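Subject: Structure handover and findings

Hello,

Here is the structure I promised to pass on. Please open it alongside this message.

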Amino acid sequence: MTMPAYPYDTLTRYKRWATNSLNAVVAGNLHRIEERDMVLIRRLLDHIQTVDAIFGDNLEGRPHGHSAPRSPELPAFETLAREGAATADWYVDYADRLTVAQRDETLDFFFSNGSPGRMSRGDMLLHVATHGTYHRGNIGIILQKNGIEPNPDRLTDFLATERTLEAA
């Protein structure tokens, strides 16, 4: 019998919900965001996406091929939103497949700067979830600067949304 992936299932679903919600707010307000601020938003989204991709490769035991925690060329917002959604789905599926033993397994890997790293799979999932939260907050400030209300991004908002959907 498979054990629930808790809390990793909750964290990866929360990350997906928050990522997709943020991208929807940005997409719906592109005309209201100053060009300079849009570059900052894209840089932050690219950094989140690149770190997510690096840790996805680490989790699967593949070399990630990145020499920095960002892309060599800054992708368009639409590309970042599409890749962010796909990566978020991957993390949900990945967390759901892990056994307890796999979640606790420690892996050796290399960071993008070449430094060696060693973390459990569960700790990598925690890192990805908390790292994205920090930078989505940065983007929320930029949105507010442009007169745009950011999406709700608290874990409590996600849990309330999930419970409402489950009750329906």
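First, the ground rules. This is a predicted model, in which local features need pLDDT of at least 70, side-chain atom pairs count only at pLDDT 80 or more, and totals for chains, interfaces and linings use all residues. Residues are numbered from 1 along each chain as its sequence is written, and side-chain values use heavy atoms, with hydrogens and water left out.

**Helices H2 and H3**

Helices (H or I, at least four residues) and strands (E, at least two) are DSSP runs, numbered from the N terminus. H2 covers residues 35-59 and H3 covers residues 77-97. Their axes come within 10 Å and cross at roughly 30°. That makes H2 roughly parallel to H3. (Angles under 35 degrees count as roughly parallel, over 145 as roughly antiparallel, 65 to 115 as roughly perpendicular and the rest as oblique. Axes are lines fitted to C-alpha atoms, for helices over the stretch in contact, and angles run from 0 to 180 degrees between N-to-C directions.) The crossing of H2 and H3 is left-handed, meaning that the near helix is turned anticlockwise from the far one by less than a right angle; clockwise would be right-handed.

Which residues meet? On the H2 side they are Met 38, Arg 42, Leu 45, Asp 46, Gln 49, Asp 52, Phe 55, Gly 56 and Leu 59. On the H3 side they are Phe 77, Leu 80, Glu 83, Gly 84, Thr 87, Trp 90, Tyr 91 and Tyr 94. Contact means heavy atoms within 4.5 Å. The residues of this contact divide into nine nonpolar, four polar and four charged. (Ala, Val, Leu, Ile, Met, Phe, Trp, Tyr, Cys and Pro count as nonpolar, Asp, Glu, Lys and Arg as charged, and the others, Gly among them, as polar.)

**Aromatic pairs**

The whole structure holds eight aromatic pairs. Rings of Phe, Tyr and Trp (its six-membered ring) pair if their centres lie within 6.5 Å; planes under 30 degrees apart count as stacked, over 60 as edge-to-face and the rest as tilted.

Phe 55 and Phe 109 are edge-to-face, with ring centres 5.7 Å apart and planes at 65°. This pair links distant parts of the chain: Phe 55 is in H2 and Phe 109 is in strand E1 (residues 106-110), 54 residues apart. Both Phe 55 and Phe 109 are buried. (Buried means under 20% relative accessible area, exposed over 50%, partly exposed in between, with a 1.4 Å probe and protein chains only.)

Phe 55 also pairs edge-to-face with Phe 111, centres 6.4 Å apart and planes at 65°. Phe 111 sits in the loop between E1 and strand E2 (116-120), 56 residues from Phe 55. Phe 55 has 5% relative accessibility, whereas Phe 111 is partly exposed at 33%.

Elsewhere, ring pairs link Tyr 14, Trp 17 and Phe 158 into a cluster.

**Three single residues**

- Asp 52 is in H2 and is buried at 5%. Not counting residues up to four places away in sequence, Asp 52 touches Lys 15, Thr 87, Tyr 91 and Val 128.
- Asn 58 is in H2 and is buried at 5%. Its contacts, leaving aside neighbours within four places in sequence, are His 64, Leu 107, Phe 109, Phe 110 and Met 124.
- Gly 117 is in strand E2 and is buried at 9%.

Best wishes
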